[in-house]
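Me: I'm new to this one. Can you take me through a few spots in it?
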Amino acid sequence: MRRIALAGLGVAALTFAPLARADPTTGHDAKVNTQTPQMLCEIGSDDTDPGIGPNVICQGRFSESSAGDDQAFVTASGQFSYRSANIGVGYSHAPFDTLVPGQTYDIQGWTVVAGDDGTRFTNDGTGHGMFIGSDTTVKPF
């Protein structure tokens with residue numbers, strides 16, 4: 001009976017464990033898929049090039065961006081912009097985790113709340129970030 005209880009605790013711990021933790025390694029990031037809206041996002045703990053610090057980049061179509069701009073980009077200091085670029089995925093990597101609506105994640109020093117109405121990225125240290133709605137509107141804060 002004791003082994004069954006311990007096994008149950010282990011399964012529960014894995015089920016409710018956060019997706020990833022903050023990593024102070026310079027230039028380190030995590031890539032995740034969001035479901036609402038569907039897009040690929042890169043969440044970074046730091047960025048030495050171009051030296052803008054922790055940031056989140058999401059790639060997709062955004063209702064307010066200029067034609068050709070396919071990324072919403074926010075830094076921990078609150079700088080926000082749209083840009084045209086490509087999240088690098090051409091190297092060998094593990095499959096990207098998919099964020100599940102109704103869950104909160106701690107990833108690379110950012111709190112990420114996946115909801116049915118969109119996804120919110122908030123830097124743990126500064127409180128800045130962005131909300132990307134299910135209608136692809138972006139609200140930086």
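This is a predicted model: local features need pLDDT of at least 70, side-chain atom pairs count only at pLDDT 80 or more; totals for chains, interfaces and linings use all residues.

Me: Where does alanine 76 lie?

Reply: Alanine 76 is in a loop, the one between strand 4 (71-75) and strand 5 (80-83).

Me: Which residues does alanine 76 touch, leaving out those up to four places away in sequence?

Reply: Pro54, Trp110, Asn123, Thr126 and His128.

Me: And how far is glycine 129 from alanine 76?

Reply: The two are 53 residues apart in sequence, while their C-alpha atoms are 6.6 Å apart in space.

Me: New topic. How many aromatic pairs does the structure hold?

Reply: Two. In one of them, phenylalanine 62 and tyrosine 82 are tilted, at 5.8 Å centre to centre and with 45 degrees between the planes. That pair links distant parts of the chain, 20 residues apart: phenylalanine 62 is in the loop between strand 3 (55-59) and strand 4, and tyrosine 82 is in strand 5.

Me: Is phenylalanine 62 buried or exposed?

Reply: Buried: the relative accessible area of phenylalanine 62 is 6%.

Me: What about the pair of phenylalanine 80 and tyrosine 82?

Reply: Phenylalanine 80 and tyrosine 82 are edge-to-face, with 80 degrees between the planes and 5.1 Å centre to centre. Phenylalanine 80 has a relative accessible area of 26%, so this residue counts as partly exposed.

Me: Which residues form the aromatic cluster, then?

Reply: Phe62, Phe80 and Tyr82 form one cluster.

Methods
Residues are numbered from 1 along each chain as its sequence is written. Side-chain values use heavy atoms; hydrogens and water are left out. Helices (H or I, at least four residues) and strands (E, at least two) are DSSP runs, numbered from the N terminus. Contact means heavy atoms within 4.5 Å. Rings of Phe, Tyr and Trp (its six-membered ring) pair if their centres lie within 6.5 Å; planes under 30 degrees apart count as stacked, over 60 as edge-to-face and the rest as tilted. Buried means under 20% relative accessible area, exposed over 50%, partly exposed in between (1.4 Å probe, protein chains only).
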